[in-house]
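Good morning, everyone. I'll walk you through one structure, step by step. Please keep it on your screen as I talk.

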Amino acid sequence: MFNIDERAKVLSSFKSVDYVITLTGDLRDQEYDKLILLLRPSVIAVTQGDPLEGKKRLQADSVSAKFAIIPHLKTHSTSKLARMLGID
């Protein structure tokens with residue numbers, strides 16, 4: 001399993017990704033909602049089994065973002081991840 005910084009590095013390597021933002025658990029729901037509305041991401045991706053998947057799916061819907069669930073990977077393969085996200 002890869003830590004958050006490693007996952008961010010892999011995601012940021014895609015040419016179609018403008019920014020990767022990693023967040024701590026310190027944000028309240030309202031703050032996260034405001035951030036989503038401000039940034040208006042085109043994709044919100046979560047790791048399979050994320051306990052906040054339902055909330056994040058609603059946030060993606062609120063800005064018409066694609067919602068992707070990424071299984072736990074044992075590789076840094078960007079091409080495999082790109083296929084899963086339907087990008088690049």
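One term first: a residue counts as exposed when its relative accessible area is over 50%, as buried when it is under 20%, and as partly exposed in between. And one caution: what you see is a predicted model.

Take Ser64. Buried or exposed? Its relative accessibility is 69%. That is over the 50% cut-off, so Ser64 is exposed. Now find Ser64 in the chain. Ser64 sits in the loop that joins helix 3, residues 53-62, to strand 2, residues 66-70. Its backbone has something to note as well. Ser64 is not a glycine, yet its phi is positive, about 55°. That positive phi comes just after helix 3.

There is another residue like this. Arg40 is not a glycine either, and its phi is positive, at about 50°. Where is Arg40? Look in the loop between helix 2, residues 29-39, and strand 1, residues 43-47.

Now step back to the whole chain. The protein has four helices and two strands. Read from the N terminus, the order is α-α-β-α-β-α. The chain has 88 residues, and 23% of them count as buried. Next, the contacts in the chain with a separation of 6 or more. Of these, 42% join residues 24 or more positions apart.

Next, a pair of helices. Two packed helices are described by two things: the angle between their axes and the distance between the axes. How do helix 2 and helix 3 pack? The angle is about 30°, and the axes are 9 Å apart. The crossing of these two helices is right-handed. Which residues make the contact? From helix 2 we have Asp29, Tyr32, Asp33, Ile36 and Leu37. From helix 3 we have Lys55, Gln59 and Ser62. Sort them by class, and you get three nonpolar, two polar and three charged residues.

Side chains of opposite charge can pair when their charged atoms come close. How many salt bridges are counted here? The count is three. Let's take them in turn.

Start with Asp29 and Lys55. Their closest N and O atoms are 2.7 Å apart.

Next come Asp50 and Lys56. Their side chains meet in a salt bridge, 2.7 Å from N to O. Here both Asp50 and Lys56 are buried.

Then Glu53 and Arg57. This salt bridge spans 3.3 Å from N to O. Both residues lie in helix 3, four residues apart, about one turn of the helix. Glu53 has a relative accessible area of 23%, so it is partly exposed. Arg57 has 36%, so it is partly exposed as well.

Which of its residues are buried? They are Lys56, Gln59 and Ala60. Why do we say they line one face? Seen down the axis of helix 3, the buried residues fall within an arc of 100°, so they line one face of the helix. What covers them? The cover includes helix 2, strand 1 and strand 2. Now turn the helix around. The face turned away from the buried side carries the exposed residues Leu58 and Asp61.

Last stop: Gln48. You will find Gln48 in the loop between strand 1 and helix 3. Its relative accessible area is 45%, so Gln48 is partly exposed. What does Gln48 touch, leaving out residues up to four places away in sequence? The answer is Ile69, Ile70, Pro71 and His72. Pick His72 from that list. Gln48 and His72 are 24 residues apart along the chain, and their C-alpha atoms are separated by 6.6 Å.

That's my tour. Over to you for questions.

Notes
Residues numbered from 1 in each chain as written. Predicted model: local features only at pLDDT ≥ 70, side-chain atom pairs only at ≥ 80, totals over all residues. Heavy atoms only, no water. Buried < 20%, exposed > 50% of the residue type's maximum accessible area, 1.4 Å probe, protein only. Axes fitted to C-alpha atoms, helices over the stretch in contact; angles between N-to-C directions. Left-handed = near helix turned anticlockwise from the far one by under 90°. Contact = heavy atoms within 4.5 Å. Nonpolar A, V, L, I, M, F, W, Y, C, P; charged D, E, K, R; others polar. Salt bridge = Lys/Arg side-chain N within 4 Å of Asp/Glu carboxyl O. Arc of directions from axis to C-beta.
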